[in-house]
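Here is a short report on one protein model with a ligand. Please look at the sequence and the structure first, then read on.

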Amino acid sequence: MGTLILLRHGESAWNARHLFTGWTDVGLTARGEQQAMRCGELLREAGLVPDAVHSSALTRATRTADLVARSAGVRGKRIAAHWRLNERHYGALQGREKSDVLKEFGEERFRLWRRSYDAAPPPVAEGAPGDVSDDPRYAYAPRTLLPRTESLADVTARLLPYWHEAVVPDLRAGRTTLVVAHSNSLRALVAHLDRMSRQEVPGLNIPTAMPLRYDLGEDLAPLVRGGRYLDPPAAAAAAAEVAAEGFRSSRATR
Ligand SMILES: O=C(O)[C@H](O)COP(=O)(O)O
């Protein structure tokens, strides 16, 4: 089995402003680009230069994948980009500041929408900004599957076919396989790999730009539950910051 590396993209323009992003296609900040380059160096130093690279279809992930591949020294490999690895569609929350949503709807609802397994935020209306069903970038996806909001359970259901059909074959072929995705598409994958209970899922936070290594058995069960971050103290600090989003206003901190 090849080694699996999971990576959330570098800081995006909307991460920096603490806005719910979802399928909104924003770019990386200069800091996010540097973080991506540093991830490539970390992978090279750890002897984990990817043989295969999979990314979501969103620019912040494809750009991260490209920068990581270049700085790790990956040569001539195509980056496979697919909508099934996209961030959770955050419905009507997309574009709103996290602390404003917390204030308006209260802590219980905010936590449910953000971190529970089953709850989905209110959907965007048909034809409203955020409805991607007529977006030519997703013309290859079945129209009925394109979401207007999603729970983590919904993300899991649309992500797993890609995992089994595209990523697992690379791992079974012995390839070091990098998957560049998002806070919630990676939460869905980690929760699946680690066979997390519903009670464990809300406590799972994935920091930006911290490579997470998984070595899997033939049955695809992790040899170490939770995987191993290449830089564990930095990853723990960054995950705590992600968990606190919304509870600290971006205007106060930046
Ligand atoms: O889409 C977003 O808003 C962020 O990428 C991730 O959000 P979350 O960590 O608040 O779920």
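## Active-site residues

His9 is buried, because 31 other C-beta atoms lie within 10 Å. A residue counts as buried if 20 or more other C-beta atoms lie within 10 Å of its own, as exposed if 12 or fewer do, and as partly exposed in between; C-beta atoms are placed from the backbone. The model is predicted: local features need pLDDT of at least 70, side-chain atom pairs count only at pLDDT 80 or more, and totals for chains, interfaces and linings use all residues. Residues are numbered from 1 along each chain as its sequence is written.

An unreviewed UniProt entry lists His9 and Glu87 under "active site". UniProt positions follow the numbering used here, feature names are shortened, and annotations may be inferred rather than shown by experiment.

His9 sits in the loop between strand E1 (4-8) and helix H1 (13-16). Helices (H or I, at least four residues) and strands (E, at least two) are DSSP runs, numbered from the N terminus. Glu87 lies in the loop between strand E3 (79-82) and helix H4 (98-105). Glu87 is buried too, with 26 other C-beta atoms within 10 Å.

Contacts here mean C-beta atoms, placed from the backbone, within 7 Å. Not counting residues up to four places away in sequence, the contacts of His9 include Arg60, Val180 and His182.

## Ligand shell

Which residues are around the ligand? They are Phe20, Thr21, Gly22, Glu87, Tyr90, Arg114, His182, Ser183, Asn184, Val242 and Glu245.

By class, the shell has 3 nonpolar, 5 polar and 3 charged residues. Ala, Val, Leu, Ile, Met, Phe, Trp, Tyr, Cys and Pro count as nonpolar; Asp, Glu, Lys and Arg as charged; the others, Gly among them, as polar.

## Sheet and cores

An open sheet of 6 strands runs in the order E3-E2-E4-E1-E5-E6, with mixed pairing. Its edge strands are E3 and E6 (228-229), each pairing on one side only. Strands pair if DSSP finds at least two bridges between them. E2 and E4 pair in the parallel sense over 4 bridges. Ser55 stands opposite Val180 in E4.

A nonpolar core is a set of buried Ala, Val, Leu, Ile, Met, Phe, Trp, Tyr and Cys residues joined through C-beta atoms within 7 Å. The largest has 44 residues; Leu6, Leu7, Val68, Val179 and Val180 have the most contacts inside it. Elements giving two or more residues to this core include E1, helix H2 (30-45), strand E2 (52-56) and helix H6 (152-172). H6 gives the largest share, 7 residues. Another core, of 8 residues, lies apart from it, with Trp14, Leu19, Leu93 and Trp113 among them.

## Helix H7

H7 is mostly covered, with 9 of its 11 residues buried. The buried residues of H7 include Ser183, Asn184 and Arg187. Their cover includes E1, E2, H6, E4 and helix H8 (232-243). Arg195 follows H7 and has a positive phi, near 50°.

Terms used:
Near = placed C-beta within 6 Å. Contact = placed C-beta atoms within 7 Å.
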